[in-house]
Amino acid sequence: MILDAHGHVGTWPDFLIPDPTAEGLVSLMDRLGIDAMGISHLLGVGPDAAEGNRLAFEIAERHPGRFGVWQVHNPHHRTPLVTEGVWGVKIHPDVHQCPLDDPRYDPVWELGLPVLAHGQTDSPWSDPARFAVVAGRHPDVPLLMGHTGLWPYGFARAARLAADHANLYLETCGSKMTGRWIARLAELAGADRVVFGSDSCFLDLRAGYGRVALAPLDEADRALIQGGNLARVLARSSGGLP
């Protein structure tokens, strides 16, 4: 099973997205053999988490088995969260300008669901060191570090931090990521701690998947990264897999 941990639908005001539709994603997923993708709606990541979450649930219902919902939590709006029918929670400390380890995110950790968070090396909001702090505070919450910290100069540091926390995972999407770096992350943190993500429809799903499909990995490790690890993480959620 191939699972994409990090996807989106919708538009963003300062970023060209040629096809922002769920239908476009499904078409590409079918071509590439990707079984399911976790999505958050970009309206939810931006100004209206509640409405964006509603739209994401509608999309998942319209395409049964293809999309899991990462419900977005805006820490300033105290967005209502649910525990049923979701893969977990999506947070974006940089967009919301709220540090990952801030108490305003406590309602997220209290759910105990998997969490996908934007990570960005040297950001005051989402540096990988903050992921290590949160992972240590909440060892029963699976925490996915989006983009593995985003910038290549921080990838190795992010991997070393993840290696110290069994609940912290490195998610691979980003235009700076490469297949060789994915293999290096598996060496540094363990192949069981790396999960494939594409950041579609922000970024091209074909390029994102190609990095892991062609990375210099043995096939057992590739299978873990392409879907096995995420399936294990999602075993505690009720969002369902195909």
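Start with the surface display: the protein exposes about 9,700 Å², and carbon and sulfur atoms supply 54% of that (areas by the Shrake-Rupley method with a 1.4 Å probe; for residues, only the protein chains shown count as cover). Keep in mind that this is a predicted model, where local features need pLDDT of at least 70 and side-chain atom pairs count only at pLDDT 80 or more, while totals for chains, interfaces and linings use all residues. Residues are numbered from 1 along each chain as its sequence is written, and side-chain values use heavy atoms, leaving out hydrogens and water.

Now switch to cartoon. You'll find 10 helices and eight strands, which are DSSP runs numbered from the N terminus (helices: H or I, at least four residues; strands: E, at least two). Show the C-alpha trace and look along its principal axes: it spans about 40 × 40 × 35 Å.

Next, colour by burial. Of the 242 residues, 57% are buried (buried is under 20% relative accessible area, exposed over 50%, partly exposed in between, with a 1.4 Å probe and protein chains only).

Select Cys-173 next. Is this residue buried or exposed? It counts as buried, at 2% relative accessibility. Its sulfur is 12 Å from the closest cysteine sulfur, in Cys-201, so the two are too far apart for a bond. Hop over to Cys-201: this one is buried too, with a relative accessible area of 7%.

How many disulfides are there? The count is zero, where a disulfide is a pair of cysteine sulfur atoms within 2.5 Å.
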